[in-house]
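Please have a look at the chain below before reading on.

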Amino acid sequence: MTLSEHLLDKNLMILASAGSGKTYQLGNRIIGMIGAKEVDPERMVALTFTRKAAGEFADSVLTKLAAGTLDEDEAREIQEAVDGEFDVVEVLESVVRVLPRFQLGTIDSFFSQIVRGFQYELGLSGGTFELIEGRKQDLVMGELIHGVLSEVLESEEGDEFVQAFRRATMGKEELRVIKDLEQFLKSWHGLWKAGLSLEHFRGNGRFDHLPRVDEWEKQKLGLVQELSEEFEGFDGWTHGSQEKGVIKLLEAFKKHTIGSGVLTSFKGLFDKLVEAVAAGGQIVLQHHKSLEFTQEQSKLLSDLVLLAASCELVSAIERSEGVGFLVKRIDEECERQMRSRGMLGFDDVKNLLGRWKNNEEARLQREQIDFRLDGCYDHWFLDEFQDTSPTEWDGLEPLITEAASEGEGSLFIVGDKKQAIYGWRGGDVRLFDQVKDHFGKEMTAVPMDKSYRSSPEVLALVNEVCGNLALIGRLFGERVAARWDWHDHEAAKTSMPGEARVETVEKEEMMERLVETLKEVGVGEKKLACGILVRTGKQVTEISDHLREEGFDVIEEGRRKPMEDCAVGAAVMMLAELLADPVNPFAREAVEMSPINAVIQHRFKDVERFPWEDLLDEAREEGFAMMIERLVEPLRESLSEFGRRRLGDILRSVEEFDHSGNGTPRALRDWLTGLEVSQAPGDAAVQVMTIHKSKGLGFDVVVLPNLNDEQVPDRAKYEVAKAPGEWVLQTPASWVRSLFPPLVDAEECWEEEQRYEALCLLYVALTRAKQGLYVFLPRESKSRGKAAADWSSMANVVRQSVGDYQSAPGEWPKCVEPREVKEFPELPALGDAVPLRERTTPSKLKSSGAGFRGGTGAAVGLEVHQLFESIAWLGEGEKPETPQNLAGMIVDHALAIPEIRAIFSEQGQVTLYREQAFEVMVSGKWMSGVIDRMHVGPEGVCIYDYKTDMAVDTDSLRTKYEGQMKAYREAMGSVMKVPAESVRVYLLSTHLKTLIEV
């Protein structure tokens, strides 16, 4: 069977191995359908998962057609590839003509287009649709979470929420729970959004026969007592230590409380007992020697173990129900604050289009959409199908099934089951088989195993390792081996020189050996793209830092991290931390130890305190980017070229932040935290990345240092037990799971998927190499003993397949040309910015005045502001939580004054604004500012500004801030469209403990 004979079949599935040219064939299929089948390109939809991949196959189509119009041989080659005849020029014209409407893109963008076009059919209101992603989505979601927690805790259902949250995070330290909350929500909220309900989190009726949790405490002592009496005079002991072991075990049962883990720590005899109870029948244990219990003893032991396990499972169900309540509440707030306003993330979009399976109303809504789209698209092309999730397939299925089942429509699927490494992100490789079974004989399946990427030497190692089905079956299980659809790979470029090497390296020598190998091959000196592929982000950082110290030009995962990988970035990050929180001692010390401090001391030598107010005034007036540039400009000459490039990254990013309009120092800190800048593969000699990030890429040289030798699966990471569409639970202890068949089945499925994905990960890592592949295996631990032969790890597959391996002498780099290092000219310095409008802030309009005795200090004043800012409305008798320090005392004393407390007491029909930033034109000047607190209601607009000054009397305070308050009045009058004189402005003086109208 040749691919060209079937490339234009109505429904075609290509199983394309790594480097086999799937993008090339995808382009051929599109061209052939337009040319030979005369399909209108506007009726085609070609979808993949990344913008890069979408750009590649769009470029493939256009480049190939353009070449065919200029060269008859190229045109003939295109026609032969699809086994058809057509006019290449006409095909190019038809594609170019409809290019703006040609659906060659990502699956996310296609779904977004549908949602944007059918908002009302999908239940969205508001008339707008904004897709939020990346760091913006993270920031919005973070703000929403904090808002939800504060609002819910202040509401009547606060107590219920707290109890649910405690159940959801039972057994975790409070500090860790708060830090992990966003990650916690990402995993569980994703399950909720996929169509689950609280019933699924309760077990959905699957475990209704279980006792209450408190039954363990009620019954355990009685069962232990009965067993103790049964063992009195028992003469069935066959070894002297058996009786002592059983007595200790019964004591452990007496001490055990649900969730305590006492039994889990009691290894050996307990594990054997649980295994025997799971098997059923009369209990016989092998403890030194065979030990057979009587039927009555077996029954009582089974009752005791099963009662403990059942109550542990009920506890897990209650914790899961707490999780369900938590994510339900979060989802309701997402609906209220985001989705109802048309703000959706990609997951929301996918779930909207896939929820037709959940209920009849959603199905009818979806039919309206499908009826209209069926008339637009007949031919579907799906790339990287192994990464498709069930939710994504549910969104596409109605349209695709209609096109592929009848009429002139068609379906083309391309992917590789062996590269299914995104199961953790939702990708489900089983969709290949489901789709193939659905269409049966109407779907042609063709393999592609010839590699156009790798040399014969590289592929020989790949075949030896990944084609060892007997070993894969022994290490990873026969079910995984049966799913591993393997054909030996063949090199298309048989003359390409290369080398493959596997060597065992001691852990402490790995870095040294890595550097030696890179220098042997000529990385950095030759025109060689090098990828160093590892398992974790921590390894990426460690290896990158070491290689930089050795003089290599390195980027991490195709992205630069300027706040982390250079000294100037770390200094600016600490400055942002200090501006956001002036009482942070670590940030202050870090800034004082950095070169930036010398610039600050020189510029503000007359200021005794840290000049954070002055720096923030500069930032408000000219932007944070200009403020930071002034601080680092005197240091530019002392920076290396690497440091200057990173400084450019930082300033460009901060400039982007300035344009975002969110000009608070805390927002800047959040913006810069974890900042990443995309970088093209050719920008550095060495790229260090995780194997996951390398998918779709190819490198001349690939090094796999310290290949992962951890056993798969790692059961410590088994945190969610689920039967898809039926139930989902936080996992109880492993011994508990072993006693309930539904949990056993769920865990076996999870283990199989983990092992299959590990095998896919190994395959992806090995197949990134074009010419040089270098694998470092860690020394096998002697403690494994006999278990070493069956140790199921990525490294052990390689170790037992080839051991230390050398394909051929490493002569191939000698014919590679030297690398050219481009010298970039120094850019001319730009002059100072010239503002088009005069810019001011209300704080500049305050006067120094007399009548003041020192002050509370900037840090304390800032904390007082933050404490007031955290208060929305106080109920009768309610006291906000304040710290036991000076700032907390100041706020408590102020709120004890009735007229001040009245500001924070709930008021009907009043809209509250806290820390409200504004940008407005007043008297021809551009004014920027932040209002501490503002009430807008039937009685008008009231502004409250918190002041901690040590004023002698109200007149001196009023005089000092009269200009600033006048500016607030004019600004809000302009914003609220009311006369300025009708806006009331008050100073809340914490020292004088009074309100002062200005």
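**Briefing**

Glu38 sits in the loop that runs between helix H2 (22-35) and strand S2 (44-48). Please keep in mind that this is a predicted model. The points below begin with the backbone of that loop residue and then move on to other topics.

**Backbone geometry**
- Most residues other than glycine have a negative phi, and most peptide bonds are trans.
- Glu38 has a positive phi of about 55°, although it is not a glycine.
- With a relative accessibility of 70%, Glu38 counts as exposed.
- Asn706, which is not a glycine either, has a positive phi of about 50°.
- Asn706 is partly exposed, at 30% relative accessible area, and lies in the loop between S19 and S20.
- The peptide bond between Val712 and Pro713 is cis, with omega about 0°.
- Pro713 belongs to the loop between strand S19 (699-704) and strand S20 (720-723).

**Surface charge**
- Asp71, Glu72, Glu74, Glu77 and Glu80 form a negative surface patch.
- Glu77, one of these residues, is part of helix H4 (residues 72-82) and counts as partly exposed at 43% relative accessibility.

**A loop lysine**
- Lys357 is found in the loop between helix H16 (346-354) and helix H17 (360-373).
- Its relative accessibility is 47%, so Lys357 counts as partly exposed.
- Lys357 and Gly395 are 38 residues apart in sequence, and their C-alpha atoms are 9.6 Å apart in space.

**Cysteines**
- Is Cys311 buried or exposed? Cys311 is buried, because its relative accessible area is 0%.
- Cys942 also counts as buried, at 8% relative accessibility.
- The count of disulfides comes to 0, taking a disulfide as a pair of cysteine sulfur atoms within 2.5 Å.

Terms used: Residues numbered from 1 in each chain as written. Predicted model: local features only at pLDDT ≥ 70, side-chain atom pairs only at ≥ 80, totals over all residues. Heavy atoms only, no water. Patch = residues over 30% accessible without salt bridge, like charges linked within 9 Å, V, L, I, M, F, W, Y side chains within 5 Å. Areas by Shrake-Rupley, 256 points an atom, 1.4 Å probe, with all protein chains shown as cover. Salt bridge = Lys/Arg side-chain N within 4 Å of Asp/Glu carboxyl O. Lys, Arg positive; Asp, Glu negative; His and termini not counted. Charge placed at Lys NZ, Arg CZ, Asp CG, Glu CD. Helix = DSSP H or I, 4+ residues; strand = E, 2+ residues; numbered from the N terminus. Buried < 20%, exposed > 50% of the residue type's maximum accessible area, 1.4 Å probe, protein only.
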